[in-house]
Structures are given as C-alpha cells and as structure tokens.
Amino acid sequence: MTGSSREEEHNQDEITAPLISRDEEGQTSSSPPEEEENSPVKQVALTVLTRDDPSLPVLTFRMWVLGTLSCVLLSFLNQFFWYRTEPLSITAISAQIAVVPLGQLMAAKITTRVFFKGTRWEFTLNPGPFNVKEHVLITIFANSGAGTVYAIHIVTVVKVFYKQHITFFVSLLVILTTQVLGFGWAGIFRRYLVEPAAMWWPANLVQVSLFRALHEREERPKGGVTRTQFFLIAFMCSFAYYVFPGYLFTMLTSLSWICWIFPSSVLAQQIGSGLYGLGLGAVGLDWSTISSYLGSPLASPWFATANVAAGFVFVMYVLTPICYWLDIYKAKTFPIFSDELFTEDGQEYDITAIIDSNFHLNITAYEEEGPLYICTFFAMTYGVGFAALTATIVHVALFHGREIWEQSKSSFKEKRMDIHTRLMQRYNPVPEWWFVAILLTNIALTIFTCEYYNEQLQLPWWGVLLACAIAILFTLPIGIITAITNQTPGLNIITEYIIGYIYPGYPVANMCFKVYGYISMTQAITFLQDFKLGHYMKIPPRTMFMAQVVGTLLAALVYLCTAWWLMETIPGICTDTTSVWTCPMDTVFYDASVLWGLIGPRRIFGDLGTYAAVNWFFLAGAIAPVLVWLAAKAFPQQEWIRLINMPVLIGATGSMPPATAVNYTSWIILGFLSGFVVYRYRPDWWRRHNYVLSGALDAGLAFMGVLLYFTVGLEEISVDWWGNDLDGCPLAECPTAVGVIVAGCPVYT
C-alpha cells in the first residue's frame, strides 16, 4: 500500500481480496521511491523489513551446532509428549528464543582464528557477532523437529494396537520416504506459493516479529516498553501461569460451568461439556487448550477466524444437535461426542475378533460381530471432510484460476515482483532439477520399499503412484488456502476413501497410502512455508534448502528412535486408559484404519454400510463456493463476500476429534479480540506486540510444560482436589437411548 489515505480507507479489512488485483499490481510496480515501497498485504508491510544485508555470514559453525541441537531436542521432546493424554507440542519458537544467549556466548568465547588462511578451504569458527540470518537457519532446523512425523502413526498402530510385526528398518524407510517426498512438490510450486506477494503465510509473521524483537535495537517509547522487554514480560507471565492449568488447577483447561449447575443432568452436561460435549459456554484459560489444534489465534487473520467460527457454529450447534435429537443413525445409542467404535447396542467394538491370521478382514467374523457404528458427530465430521475437499477444488478454480493461469504464463517471461522477491534476486536460486532428482529418487525408493516389504506394508506399487498423483493434484489449491488463511484443509479422508474402495481389507496398505498421499502434501506445505520465511528474512535459497534437507532427515531418525524406545519400555502404552500414556492421536488414526482399511468404506459409507447418505456432502461442498462466487459477482461492491472462504468454513471442524469444543470456543474468542478488536481499534499496539505476544505465550508454556514433567510428572506427584477434576462433566459421554447400559450412566426406560 503506497498511500496513507488508502490504508485508512481499508483499515477495517485485512484483505479485500485473497490475491492482488491488477490495480494493486500496477500500484506496486510503479511505486515512487524505493524506501516507500512495501508489500501490498498490510500485515506483511507492518511486520517485514524491506532491506537486506547480504554480507552477513550464514553457514557458520555455531549455526550447525545450535541447529542440530535444536532439531534433536525438539524431535525427542515432541515425540516423548505425543503419546500422553494431553499431548504437549513444543514449537520452534522455544528454540528460537533459547539459542539467542547460546549464540551470543559462542560469539564471545570461541576463537576468531582463521584456519587454512589463503586457501580455498579457509574457514573460521567465529565470523563475528551472532546475526539474524544464522538465527533463521537454526530456526529452520528447529521447525523440522517441531513438526510431527505423521508416519510414526503407522508404526504405533501396527505394533501397539494391531500387535503385528514391523521392523525398525522398514519403519525408518517409510518415515524417510514420506518426509522427503514433499520436497518434490514444494520445488514444483515455489513460483506460485512463495514468490507472489499475495501468498503471505500469516504464521510466518509471528517468527519474523520475534526475530526483529530479538535482534533489533530500538528506543523505548515514553511510558512504554520495547518489543524485547514486552516479550520477556509476557514470557515470564506465561511461564509462571502454566503451573496452574498444567498441574495445580487443571480444570482451567476446560471451564464447563453448565455442568457445575446441573451435576446430575445428562442433557445439560452433553450441552455444556467442553471436552465430551457441545461445549456451549465452555472456555479454556490455558494457552495449550487454545493453540493446540488450530495454531495461534493471534496469527490468524480475522476473516479466516470468522470463517472457522461460522463453520464450527454450524456443525456443532446446528447440524449435530439436529442429528442427535432426531436420533439419526441411532445417535442416542452412543455418546454425543466420541471417537470410539461401537456395536449396534452401544458397546465397545472388539476389533481383534474380526482380523484373521493374515492381518486381513475376516468376513465371517465381521458378520457375526455385526456392523460397526460411530457416534453421529464423528460421521458428520467425515461428511464435512468430504465437502471440504470438493469445496477446495471449486473455490480455487473460481477465485484463483485466472491468477494461477497468469502466473503460469508469466513464469516463462519477465514478471512484476514485489520488493521482497526483488531483493532475493541477488541470490542463486535452487535449480529445478535438484527437486526433480530428489522426487524421482524418492518415488523409486518408495516403490521398492512397498514391493520388497509387502508382507509388512501391504501397499502395491500402483498404490504409491496413485498416492503421488493425489498429492501433486492437491498441493497447489491447499497451498493457496494455507498461504492466505493460515488454515490447511486435510487430504487424509479422501486418500483413505479412495484406497479403501480400491483395495479393501488391508489396514496397513490404507495407512501407508494415506501417509504417502496426504503427508507428502503437508510436508510440501511446510517446506514452502519455510521457504517463505527465508524469503522474508532474505536467506540464500540454496542454504535454506540444505538446512531443510538435513533437518528433515535428522528429525525423522530421532522421532522414530524415541517412539520405538517408548513403545518397547512403557507397559500398556496406548491401551491402558488409567495411565497418562493413552495416545489420543494414534487412537483416532487406529479408528480410521479400521473404518477405511480393515472394514472398508463400502461397508461403512457405501451400499453395504450404514452411513451411505454422508456421500451427499461431496456435492454440497462443490456447490457452496459457486454460491459465494455468484454472490460476489452479483454484488461486487460488497467486498466482505469475497472473504467468505468455503474450504476453511466447511473444513473448520476437521480437527475434531481429537480436538474438542473448548479448543474451538477459546480459540475463536481470542482470535476475535486480536484480529478484529485490537487490530481495528489499537493498530499500533497490534503492529508492535501481537505476534511477539504469540511467541512469548508459546515459549512460556513449552518451558514450564517440560519443567513440570521432569520434576513432578516423572515422579507421578499429583494434587488431589476438585480443581483437578478435568472438565467436571462425567455424564456427558452417556447415551440417552432407552435400555442402553453403560457403566456409570443412568439407564433410560
């Protein structure tokens, strides 16, 4: 934006259109003096610097040491906490902060001697002060350790839930190939998802703000604090506060006050429970509750938060109650909100009884056991997932099709560039053939792994190629949604659906197909997001690429070693519901492998199943963006219509379960306060402190979470009082159908 009047005119809107219009492009390219030129996206213009110092050293000894250390520690800690009932995710922001004093100490103490001076091998262990570009690369390493290695789910489910054989070496091959496959897609789509200014990746602005707070010197405003001082204050408050929801007063995780008023009412607790019900009025005063599934609400632009809120309200407070109280799919026989698998009379389904000795579905045993049921909310979320998939394709085609086509044509000739893309032109780009070589090698290795170890993995060679085709088809549309809204629609459901129909009865094949089709796409999104961070911070692309590759390989190895160690040493892990090692994420993954892989979608959502009508959601999802597009054409002066993002709105509840209602209600409230109230009425405060506050809350929670675990968690020292009765809604999971008997629940007659 080049004029203050233009900024004031649009102050109430974050983005009036998802991509830059032709007028804005013309404005950007014809900016007057360079010092006034900035990104056309207001949040980026307020946060990211438009200058670069190419003389700063990047590949330094301390970068390698601190980057490797960050990657290993975060990989170990995140996998260690992953299996726990309340999984703690330690973000890269924790390492981003912790390495600053270490980097400065190494700069002060390590020798500045130059080795092999005058030769081509000349190097020094200490090139000078610890600088921001080194810091960014260390954070890229940390990002590799902070991201979940999804293929670990396969290993856990096979070893722990199905109790079948899979070797460490095969597990390592699966994990490495799934993690690296995304590099190929990322390289192909860089020109669409990194270089354009409109692809602004909101989550990156949190880290950019933090880098600036940690490295820039600024004068303390009169009566105020610098960003560094603000960060330290917020960090210490977050660190000290988390001892309450994390240990002394865990009910702060979900304050379901309706349950307190009606302690003996099943209906009231179904409505009011934040963890096991609809969560009406429930709120969590705990940053881990707020940010654990949807990310930081402070990093979400308001239009995206509003879309999530609308989708959540529709699914949770309109669709679910209607389906439940009309008893659709025998809804009252099961809990109103659950990720468990049930028999027709509401009892837990015995999965082991329907598996034969070859790890396939035993049709005779399945017919004797009866059809499998899930709670109606769970079925509706699958339907919503179907709708989100078709909505993503149609939305991107309608709202971004022209821009994608123009970008494709302009990639072969000179094109307009924003200030950040132009500053990056001084560095050598990563050649396209690097990505292609990694992609082809990885696909070949994946096919070899699946064919040679087919007894353990079950997936045939054509399944690998089909999974790759799905991943490359969806990387661009889902990448656009993520780069604009900070919300990522998932591919997991459609991958399960396709392979489940084509190749039913093979649960491990289903899981492998899902991981190769879904996770290679999400890995590509992660790599592209890191590329954009390097783009904002002016990191040489080849250096960034190297850090990503090394960090990814190192993180994969550490994640698997940690998971394998835990599975071998903790008795009853994931199966003992009385311990803290209940593995909620892996339980949902296991449920999905049963539904889609073992039994197959035809017996669940097809002509042989109970939930066939859910397939109509595919059509509904395809129609919804068309209605928005027609409304935008009919009322072009109503700019808010173009901000209705149907893939985000429809897919809002895609994380449920394991995410619960209180995760959403708390996230939406804070997202409204930050993205709308503060952004509109206190823009100067928002610009200086919003993203810094997000980083401080993340870091304080992570450090206190680790401290609590290693001090009182390992010793199993607990505080027994009513404030540690999580949620306080014991009747929320009770069925309400006549004659259904469940322990601890009243029986309706």
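In the predicted model, serine 593 is located in helix H26, which comprises residues 584–599. With a relative accessibility of 1%, serine 593 counts as buried, because the threshold for burial is a relative accessible area under 20%. Leaving aside residues up to four places away in sequence, serine 593 touches Val157, Tyr162, Pro507, Met511 and Leu598. As to confidence, the pLDDT averages 83 over the chain, and 92% of the residues score at least 70. Residues 1–35, by contrast, have a pLDDT below 50, although this stretch has 54 contacts in the model beyond near neighbours in sequence.

The buried residues of H11 are Arg227, Phe230, Phe231, Ala234, Phe235 and Ser238. Because these residues cover an arc of only 130° around the axis, they lie on the same side of H11. The packing partners of the buried residues of H11 are helix H5 (92–109), helix H10 (202–215) and helix H30 (683–713).

Helix H27 (residues 616–634) was treated in the same manner. Phe618, Gly621, Ala624, Pro625, Val628 and Ala632 are the residues buried in H27. They cover an arc of only 125° around the axis and are therefore placed on the same side of H27. The face of H27 turned away from this buried side carries Trp616, Leu627 and Lys633, which are exposed.

Aromatic pairs number 56 in the structure. A pair of aromatic rings is described by the distance of the centres and the angle of the planes. Phenylalanine 189 and tyrosine 192 form a tilted pair, with 6.2 Å from centre to centre and 50° between the planes. Phenylalanine 189 is buried at a relative accessible area of 9%, and tyrosine 192, at 15% relative accessibility, also counts as buried. Phenylalanine 386 and tyrosine 497, in turn, form an edge-to-face pair, for which the centres are 5.3 Å apart and the planes stand at 90° to each other. This second pair links distant parts of the chain, since phenylalanine 386 belongs to helix H18 (residues 376–410) and tyrosine 497 to helix H23 (residues 492–502), 111 residues apart. Phenylalanine 386 counts as buried at 1% relative accessibility, and tyrosine 497 is likewise buried, with a relative accessible area of 11%.

Aromatic rings also take part in arrangements with lysine side chains. Lysine 159 lies over the face of tryptophan 564, at 4.3 Å from the ring centre. Lysine 514 lies over the face of phenylalanine 589, and here the distance from the ring centre is 3.9 Å.

Backbone geometry was considered next, together with the loops concerned. Most residues other than glycine have a negative phi. Aspartate 327, although not a glycine, has a positive phi of about 60°, and this residue is placed in the loop between helix H16 (302–325) and helix H17 (363–369). At 35% relative accessibility, aspartate 327 counts as partly exposed. Lysine 538 is a further residue other than glycine with a positive phi, in this case near 60°, and its place is in the loop between helix H24 (507–537) and helix H25 (541–569). In contrast to the partly exposed aspartate 327, lysine 538 counts as buried, at 2% relative accessibility.

Methionine 199 provides a further example of a loop residue, being found between helix H9 (190–193) and H10. Methionine 199 is buried, with a relative accessible area of 2%. The C-alpha atoms of methionine 199 and valine 41 are separated by 9.2 Å, while the two residues are 158 residues apart along the chain.

Definitions and conventions:
Residues are numbered from 1 along each chain as its sequence is written. This is a predicted model: local features need pLDDT of at least 70, side-chain atom pairs count only at pLDDT 80 or more; totals for chains, interfaces and linings use all residues. Side-chain values use heavy atoms; hydrogens and water are left out. pLDDT is the predictor's confidence in each residue, from 0 to 100. Contact means heavy atoms within 4.5 Å. Helices (H or I, at least four residues) and strands (E, at least two) are DSSP runs, numbered from the N terminus. Buried means under 20% relative accessible area, exposed over 50%, partly exposed in between (1.4 Å probe, protein chains only). Rings of Phe, Tyr and Trp (its six-membered ring) pair if their centres lie within 6.5 Å; planes under 30 degrees apart count as stacked, over 60 as edge-to-face and the rest as tilted. A charge sits over a ring if NZ of Lys or CZ of Arg is within 6 Å of the ring centre and within 35 degrees of the ring normal. The arc is that of the directions from the helix axis to the C-beta atoms.
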